[in-house]
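Below is a briefing on the pockets of one protein model and on the ligand that goes with it. Look through the sequence and the structure before the notes that follow.

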Amino acid sequence: MATSPPLSTFGAGKVILLGEHSVVYGHPALAGPLSQGVKARGVPARKCQLTLPATMSRAQRAQLTGAFLRAARLVGEPPVKVSLDPELPLSAGLGSSAAVSVACARMLLCAAGREPTPKEAGRLAWEMEQEFHGTPSGVDHTTSAHEQLLLYRRAPGSSDVGRGKVVDSPRPLRVVVALAGERSPTKKTVGALRERQARWPERYQRLFAQMGKLASEGARAVEAGDLEGLGDAMNVNQGLLAALGLSSPALEEMVYRLRGLGALGAKLTGAGGDGGAVVGLFLEPEPAVDQLTRLGVRCFSSQLAGPRAT
Ligand SMILES: Nc1ncnc2c1ncn2[C@@H]1O[C@H](COP(=O)(O)OP(=O)(O)O)[C@@H](O)[C@H]1O
Ligand SMILES: C[C@@](O)(CCOP(=O)(O)O)CC(=O)O
């Protein structure tokens, strides 16, 4: 029996600290939830529907509606009218498609009278993510649904969703996220890398394995409170991402800016390519955010894990 939906649900954005792209090939990645994300609002209606802003392109509308209806059908198309309120830059590498998927999944589950547990919301969001990405690793929506720092690994040899192990941090894990350059869709960047790795598999697999090791080492550094060790792993990871052809002058410049402002480590985050998001690990992010904002850079800070100031 369907119940009245809640007024609002939320899907968190995510930031990958270590291991994007290599996670698609079965290696672990370290990712945490952002406090910024996408809100979904729901009102009771005659049929299940999604309303979209007029500013979206025809292709984007078709993709998002297709993803929403795919998830809606799986929960019996509950009678709710859903609208979205994004707080995240779209297609920047911060998991906006996963955030929108988790927000919609939670709304659909509630409207269908079901408990929106992280597992259930994650499962439904995964269905939507496949419409956006084609072959997502699952790291984005799993981090968004669980809202915890995770060492995530794709299920081996299957297209099924993988598993995240919660990584506890005894220290606050605080980052600055800054945007640089123009980004192309994740699907395109992931597809181009897939072609290169198919052509030179050994060369590329070697680098993917190195990135996976950095992610595991980074998770251990977090658990030991060794933020300097985590930062160093992020810097090395950036070098490997550049070696894979996933960085750009705009991203590199922002990485060096964040390091110049005192980041313990800085790298691109998400799919990369011509532009997108850069993440820097900071003990005190506020002065860096102030300085970047004064220079006209779009940026914000977030705490991914660890004890919070009361
Ligand atoms: N709030 C939103 N409203 C509409 N579409 C959204 C929203 N958030 C994400 N999307 C969809 O997700 C796509 C971005 O996904 P993707 O390229 O994977 O970038 P990201 O790195 O942000 O996940 C957009 O093209 C759009 O179709
Ligand atoms: C490049 C990748 O590892 C992360 C993509 O993140 P985003 O869509 O750019 O936020 C792809 C994936 O994990 O499916």
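**Pockets and ligand**

The lining of the largest pocket is made up of 21 nonpolar, 15 polar and 6 charged residues; Ala, Val, Leu, Ile, Met, Phe, Trp, Tyr, Cys and Pro count as nonpolar, Asp, Glu, Lys and Arg as charged, and the others, Gly among them, as polar. The model is predicted: local features need pLDDT of at least 70 and side-chain atom pairs count only at pLDDT 80 or more, while totals for chains, interfaces and linings use all residues. Residues are numbered from 1 along each chain as its sequence is written, chains are lettered from A and ligands numbered from 1 in the order in which they are written, and side-chain values use heavy atoms, with hydrogens and water left out.

**Largest pocket**

- A pocket is an open set of points on a 1 Å grid over the protein atoms alone, where a 1.4 Å probe fits and protein lies on both sides within 12 Å along at least five of seven lines; lining residues have an atom within 4 Å of a point.
- The largest pocket holds about 850 Å³ of space, a volume being the space filled by probe spheres set on the points, which are joined across faces, edges and corners.
- It is lined by 42 residues, of which S91, S96, S97, F132 and H133 are the closest to its centre.
- At least two lining residues come from each of β1 (8–18), α1, β4, α2, α3, α4 (139–146) and α5 (186–199); helices (H or I, at least four residues) and strands (E, at least two) are DSSP runs, numbered from the N terminus.

**Ligand 1**

- Ligand 1 takes up the space of the largest pocket, where sitting in a pocket requires more than half of a molecule's atoms to lie within 2 Å of its grid points.
- The ligand is surrounded by 20 residues, with S91, G93, S96, H133 and T186 the closest; a residue is near if one of its heavy atoms lies within 4 Å.
- This shell has 10 nonpolar, 9 polar and 1 charged residues.
- α1 (58–74), β4 (80–86), α2 (96–111) and α3 (118–133) each give the shell at least two residues.
- Oxygen atoms of ligand 1 lie 3.4 Å from a side-chain N or O atom of Q60 and 3.4 Å from one of Q63.

**Second largest pocket**

- The second largest pocket has about 470 Å³ of space.
- Its lining has 20 residues, and K119, H146, V161, G162 and R163 are the closest to its centre.
- α3 gives the largest share of this lining, 5 residues.
- By class, the lining of the second largest pocket has 7 nonpolar, 7 polar and 6 charged residues.

Notes:
A polar contact is a pair of N or O atoms within 3.5 Å; within protein, one must be able to donate a hydrogen and the other to accept it, and residues adjacent in sequence count only if both atoms are side-chain atoms.
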